Amino acid sequence: MENCIFCKIIKGEIPSKKIYEDDKVIAFHDISPAAPVHVLVIPKEHIESANYITQENSKVIAHIFQVINKIVEELNISQGGYRIVNNCGNDGGQTVNHLHFHVLGGRELQWPPG
Ligand code: 5GP
Ligand code: ZN
């Protein structure tokens, strides 16, 4: 998708600190971390938001959660705990319109969010 920051990161047109990649997803460090560990996991397919998950494209969601399992082990936060976040739409605080899951950890996180 043209003018999508995350599609550009996938294509390597914008640099990122990538920590995982396969044919379906990539994971990289958030540019503006909200916790000691803050990683984004995204499908390579441009899906605008959680609103656009369908029967046809939803397999990648299960895959993303399996990838997250691997990542949290490698980043050493699996035992301490972590939070997986998806912001959807304006009220959800979504700023990049390419489906992504935040993985936050490395400190005790507050709940509920503001
Ligand atoms: P959202 O608010 O849409 O849920 O999250 C978007 C996230 O993408 C934010 O946490 C923001 O810091 C991150 N982000 C935006 N632009 C870039 C970028 O160019 N590179 C990286 N690594 N992260 C980005
Ligand atoms: Zn995109």
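Biologist: Which conventions apply to the numbering and to the values?

Modeller: Residues are numbered from 1 along each chain as its sequence is written, and chains are lettered from A and ligands numbered from 1 in the order in which they are written. Because the model is predicted, local features need pLDDT of at least 70 and side-chain atom pairs count only at pLDDT 80 or more, while totals for chains, interfaces and linings use all residues, and side-chain values use heavy atoms, with hydrogens and water left out.

Biologist: What volume does the largest pocket have?

Modeller: Rolling a probe the size of a water molecule over the atoms shows where empty space is left. On a 1 Å grid over the protein atoms alone, a pocket is an open set of points where a 1.4 Å probe fits, with protein on both sides within 12 Å along at least five of seven lines. Grid points are joined across faces, edges and corners, and the volume is the space filled by probe spheres set on the points. For the largest pocket this volume is about 630 Å³.

Biologist: Which residues lie nearest the centre of the largest pocket?

Modeller: A lining residue has an atom within 4 Å of a point, and the largest pocket is lined by 31 residues. With Ala, Val, Leu, Ile, Met, Phe, Trp, Tyr, Cys and Pro taken as nonpolar, Asp, Glu, Lys and Arg as charged, and the others, Gly among them, as polar, the lining divides into 16 nonpolar, 11 polar and four charged residues. Those nearest the centre are D30, S32, H38, L40 and H102.

Biologist: Which element supplies the largest share of the lining of the largest pocket?

Modeller: Helices (H or I, at least four residues) and strands (E, at least two) are DSSP runs numbered from the N terminus. At least two lining residues each come from α1 (5-11), β2 (25-29), β3 (37-43), β4 (82-85) and β5 (101-105). The largest share, three residues, comes from α1.

Biologist: Which residues form a nonpolar patch on the surface?

Modeller: Patch members have over 30% relative accessible area and no salt bridge, with nonpolar side chains (Val, Leu, Ile, Met, Phe, Trp, Tyr) joined within 5 Å, and the areas come from the Shrake-Rupley method with a 1.4 Å probe. One member lies in helix α2 (residues 59-74) and is partly exposed, with a relative accessible area of 38%, where partly exposed means between the limits for buried (under 20%) and exposed (over 50%). The patch has about 240 Å² of accessible area together, and its residues are F65, Y82 and I84.

Biologist: How many salt bridges does a search of the whole structure find?

Modeller: Side chains of opposite charge can pair when their charged atoms come close. The criterion is a side-chain nitrogen of Lys or Arg within 4 Å of a carboxyl oxygen of Asp or Glu. Among the pairs are K11 with E13, whose closest N and O atoms are 3.9 Å apart, and which are both exposed. The search of the whole structure finds four.

Biologist: What separates the closest N and O atoms in the salt bridge of E21 with K18?

Modeller: E21 is partly exposed at a relative accessible area of 41%, and K18 is partly exposed at 40%. The closest N and O atoms of the two are 3.1 Å apart.

Biologist: Which residues are joined into one network by salt bridges that share partners?

Modeller: K24, partly exposed at 46% relative accessibility, forms a salt bridge with D23, the closest N and O atoms being 3.7 Å apart. Salt bridges that share partners join into one network K18, E21 and K44.

Biologist: Which peptide bond is cis?

Modeller: Most residues other than glycine have a negative phi, and most peptide bonds are trans. P112 lies in the segment after β5. The cis bond, with omega near 0 degrees, runs from W111 to P112.

Biologist: What is the phi of N76?

Modeller: N76 sits in the loop between α2 and β4 and is exposed, with a relative accessible area of 69%. N3, which lies in the segment before α1, has a positive phi of about 60 degrees although it is not a glycine. For N76, likewise a residue other than glycine, phi is positive and near 65 degrees.

Technical notes:
Patch = residues over 30% accessible without salt bridge, like charges linked within 9 Å, V, L, I, M, F, W, Y side chains within 5 Å. Buried < 20%, exposed > 50% of the residue type's maximum accessible area, 1.4 Å probe, protein only.
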